[in-house]
Amino acid sequence: MQEQSVQLEHQSKVKEHEAALEQLKGEQIRLQAEERRKTLTEETKQNQARAQYQDKLARQRYDDQVRQQQALNEENLRKQEESVTKQEAMRKATIEHEMALRHKNELLRVEAESAARAKVERENADLIREQIRLKAAEHRQTVLESIRTAGAVFGEGFHAFVSDWDKLTATVAGFTLLAVGVYSARNATGVIGRYIEARLGKPSLVRETSRITVAEAIKHPVKTTKRLRSRPQDALEGVVLSPSLEERVRDIAIATRNTRQNKGLYRNILMYGPPGTGKTLFAKKLALHSGMDYAIMTGGDVAPMGRDGVTAMHKVFDWASTSQRGVNMSAILITSMTLLQETISEDLRSTLNAFLYRTGEQSNKFMLVLASNQPEQFDWAINDRIDEIVNFALPGLEERERLMYFSTNDCSDETIVRMKLAQFDYGQKCSNIAIRAEGMSGREISKLGVAWQAAAYSSEDGVLTEAMIDARVDDAVHQHAQKMDWLHMERGAESAAWSHRLDVT
């Protein structure tokens with residue numbers, strides 16, 4: 001048993017020795033693998049460095065080739081320019097040489113002609129002097145005889161005229177009547193012209209008017225007849241506003257119509273808000289609803305007139321006072337009249353004073369309606385003429401949906417002949433577009449309808465699809481955002497300039 005125990009111990013030592021040998025072999029294999037991995041890594045780095053170096057050399061060669069080609073092109077261009085310059089210089093030298101030769105030949109010709117003419121004149125000097133003397137004597141004799149004859153005739157006629165008292169009296173009376181007739185005709189013509197201009201003509205400051213002139217009646221008789229037979233329109237027909245604003249402007253329209261019927265004094269109105277919100281459109285509708293004429297005048301037309309602005313301004317109000325609609329009333333609409341008392345010239349200040357003089361009191365002849373997107377720029381005296389202020393804000397969601405329908409006539413109007421609507425929910429599409437069109441004015445939304453019609457007309461089948469609508473809406477939204485960025489930049493620049501001005505002051 002002891003021998004067996006010794007053998008077992010011996011066998012276990014042998015196995016431990018074998019395990020140690022196996023472990024040494026595994027360690028050697030691991031070390032060899034590690035060395036091989038390091039060798040591969042180093043070879044990879046060297047290959048990468050070699051490739052980078054070769055790529056660098058290739059890039060340098062390419063850059064050198066490009067520079068050489070560029071230098072070659074520049075050299076060719078320089079040679080071409082030098083060649084063109086030389087050709088131009090040769091051409092100029094040739095032209096100058098030709099001109100010099102032509103000038104020399106012309107001088108020689110003139111000298112030859114002068115010498116020949118002088119020789120002829122020297123040879124014929126006696127004959128020429130004799131001819132001049134004979135002509136002078138004949139002319140002197142003719143003049144003397146004419147003077148004697150005229151004096152004799154005039155003296156006899158004047159003596160006979162002075163001797164006859166009846167002829168003298170008739171002549172004096174005739175000249176007197178002629179002078180009176182010329183003076184009277186000239187003054188009468190001026191009075192008649194001013195009367196015709198005030199009654200029938202349109203002042204130069206009036207851009208647009210519903211008042212019918214004689215020239216317009218002759219030029220468009222059918223249109224004039226329809227206008228005369230037309231009935232007063234609803235003040236909000238075709239105008240989309242918010243419920244609160246619609247209620248207020250309807251009250252203004254009703255009050256204006258009743259004022260006209262009762263021959264009362266009109267109230268002046270200021271409408272302000274962003275562009276395209278319906279200010280000018282409502283002003284026209286207000287005049288037509290109340291049965292009045294309207295006339296549109298812009299402040300930009302006043303400045304170029306200079307000294308004639310005062311006369312033109314008085315002509316506008318005189319013309320407005322001669323309207324024959326109803327009880328002799330007119331509506332004057334002034335848009336974008338940004339008159340700053342600090343920056344205007346002397347002529348424009350005089351025109352402004354004339355405007356303030358004619359609007360100083362309430363009138364039953366005309367109604368003043370100011371429409372502007374910058375009311376803060378009005379002179380304070382103009383603001384003092386205003387009796388009521390109305391804010392036309394941007395349309396809300398509900399108003400935008402209504403404008404979508406109005407701008408495209410529901411895409412089913414009979415007047416739209418070629419355009420057809422594809423199969424999709426147009427009502428839901430208008431609602432979605434109204435949400436996307438937040439911040440847009442009524443004019444921008446109406447232009448969307450025009451863009452849809454143009455897209456349908458440009459297609460082969462004339463059908464307005466949903467994709468066409470989405471494309472035009474995307475463009476409109478992008479353009480609106482761009483316009484807003486420009487507006488913010490402009491206002492920022494104006495604020496900075498105003499701050500600088502205040503600092504300087």
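**Briefing: helix packing and selected residues in a predicted model**

Residues are numbered from 1 along each chain as its sequence is written, and side-chain values use heavy atoms, with hydrogens and water left out.

**Overall**

- The protein has 14 helices and eight strands, taken as DSSP runs numbered from the N terminus (helices: H or I, at least four residues; strands: E, at least two).
- Of its 505 residues, 25% count as buried.
- Contact means heavy atoms within 4.5 Å. Among contacts between residues at least 6 apart in sequence, 79% join residues at least 24 apart.

**Helices H6 and H7**

- Two packed helices are described by the angle between their axes and the distance between the axes.
- The axes of H6 and H7 cross at roughly 35° and come within 9 Å. Axes are lines fitted to C-alpha atoms, for helices over the stretch in contact, and angles run from 0 to 180 degrees between N-to-C directions.
- The H6 and H7 crossing is right-handed, a term for the near helix being turned clockwise from the far one by less than a right angle (anticlockwise is left-handed).
- H6 contributes Val 249, Ile 252, Ala 253, Ile 254, Thr 256 and Arg 257 to the contact, and H7 contributes Phe 282, Leu 286 and His 289.
- These residues of H6 and H7 divide into six nonpolar, two polar and one charged. Nonpolar covers Ala, Val, Leu, Ile, Met, Phe, Trp, Tyr, Cys and Pro; charged covers Asp, Glu, Lys and Arg; the others, Gly among them, are polar.
- Leu 281 is found in H7, residues 279-289. Leu 281 and Glu 237 are 44 residues apart in sequence, and their C-alpha atoms are 10.0 Å apart.

**Helices H8 and H9**

- H8 (residues 309-321) packs against H9 (residues 346-358) at an angle of about 20°, with the axes 8 Å apart.
- H8 is therefore roughly parallel to H9, as angles under 35 degrees count as roughly parallel, over 145 as roughly antiparallel, 65 to 115 as roughly perpendicular and the rest as oblique.
- The crossing of H8 and H9 is right-handed.
- On the H8 side the contact is made by Gly 309, Val 310, Met 313, His 314, Phe 317 and Asp 318, and on the H9 side by Ser 350, Thr 351, Ala 354, Phe 355, Tyr 357 and Arg 358.
- The contact of H8 with H9 has six nonpolar, four polar and two charged residues.
- Arg 349 is found in H9 and is partly exposed, with a relative accessible area of 22%. Arg 349 and Val 310 are 39 residues apart in sequence and 9.4 Å apart in space, C-alpha to C-alpha.

**Loop between H6 and S2**

- Lys 263 lies in the loop between helix H6 (243-261) and strand S2 (269-272), and Asn 268 is found in the loop between H6 and S2.
- Lys 263 counts as exposed at 58% relative accessibility, whereas Asn 268 is buried at 7%.
- Lys 263 has a positive phi of about 55° although it is not a glycine. Most residues other than glycine have a negative phi.
- The side chain of Asn 268 reaches the backbone oxygen of Arg 385 at 3.0 Å.
- Leaving aside neighbours within four places in sequence, Asn 268 is in contact with Gln 362, Met 367, Leu 368, Arg 385, Ile 386, Asp 387 and Glu 388.

Note on methods:
Predicted model: local features only at pLDDT ≥ 70, side-chain atom pairs only at ≥ 80, totals over all residues. Buried < 20%, exposed > 50% of the residue type's maximum accessible area, 1.4 Å probe, protein only. Polar contact = N/O pair within 3.5 Å; in protein donor to acceptor, adjacent residues only side chain to side chain.
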